[in-house]
Amino acid sequence: MDVQTGLILGNSITLHSPCSYWWGSWGMAASSAEHDFVHILANMQDKCPPCKTAPYL
């Protein structure tokens, strides 16, 4: 199995853990995990295993 790692840098808009004022484990600019940048990018990479690059978002 080929294992690759990546690093996504960002702020709370990219990904934010649950706390007293935020209830989800996704970016604060998204309505759900499926719509934040980190999860969209990971989903695109799963669909494109040979190239492991995301098309334009």
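In these legends, two residues are in contact when heavy atoms of theirs lie within 4.5 Å. The views below come from a predicted model.

Figure 1. Let us start with the overview. The helix, H1, covers residues 37-47. Of the 57 residues of the chain, 21% count as buried. The chain exposes about 4,600 Å², and carbon and sulfur atoms supply 60% of that area. Among contacts with a separation of 6 or more, 13% link residues 24 or more positions apart.

**Figure 2. Trp 22, Trp 23 and Trp 26 come together as one aromatic cluster.** The structure holds two aromatic pairs. In one of them, the ring centres of Trp 22 and Trp 23 are 4.6 Å apart and the planes meet at 35°, so this pair is tilted. For Trp 22 and Trp 26, the centres are 6.1 Å apart and the planes stand at 75°; because an angle over 60 degrees counts as edge-to-face, that is the label for this pair. Trp 22 takes part in the pair with Trp 23 and also in the pair with Trp 26.

**Figure 3. Thr 14 is a buried residue in the segment before helix H1.** Its relative accessibility is 14%. Which residues does Thr 14 contact, once its neighbours within four places in sequence are left aside? They are Ile 8, Leu 9, Gly 27, Asp 36, Phe 37 and Val 38. Two of these partners, Phe 37 and Val 38, fall within the helix range of 37-47.

**Figure 4. Ala 33 is in contact with Trp 26 and His 39.** That list leaves aside neighbours of Ala 33 within four places in sequence. Like Thr 14, Ala 33 is found in the segment before H1. Ala 33 is buried, with a relative accessible area of 18%. To finish, take a look at Leu 15: its C-alpha is 9.1 Å from that of Ala 33, and the two are 18 residues apart in sequence.

Conventions. Residues are numbered from 1 along each chain as its sequence is written. This is a predicted model: local features need pLDDT of at least 70, side-chain atom pairs count only at pLDDT 80 or more; totals for chains, interfaces and linings use all residues. Side-chain values use heavy atoms; hydrogens and water are left out. Rings of Phe, Tyr and Trp (its six-membered ring) pair if their centres lie within 6.5 Å; planes under 30 degrees apart count as stacked, over 60 as edge-to-face and the rest as tilted. Helices (H or I, at least four residues) and strands (E, at least two) are DSSP runs, numbered from the N terminus. Buried means under 20% relative accessible area, exposed over 50%, partly exposed in between (1.4 Å probe, protein chains only). Accessible areas come from the Shrake-Rupley method with a 1.4 Å probe; for residues, only the protein chains shown count as cover.
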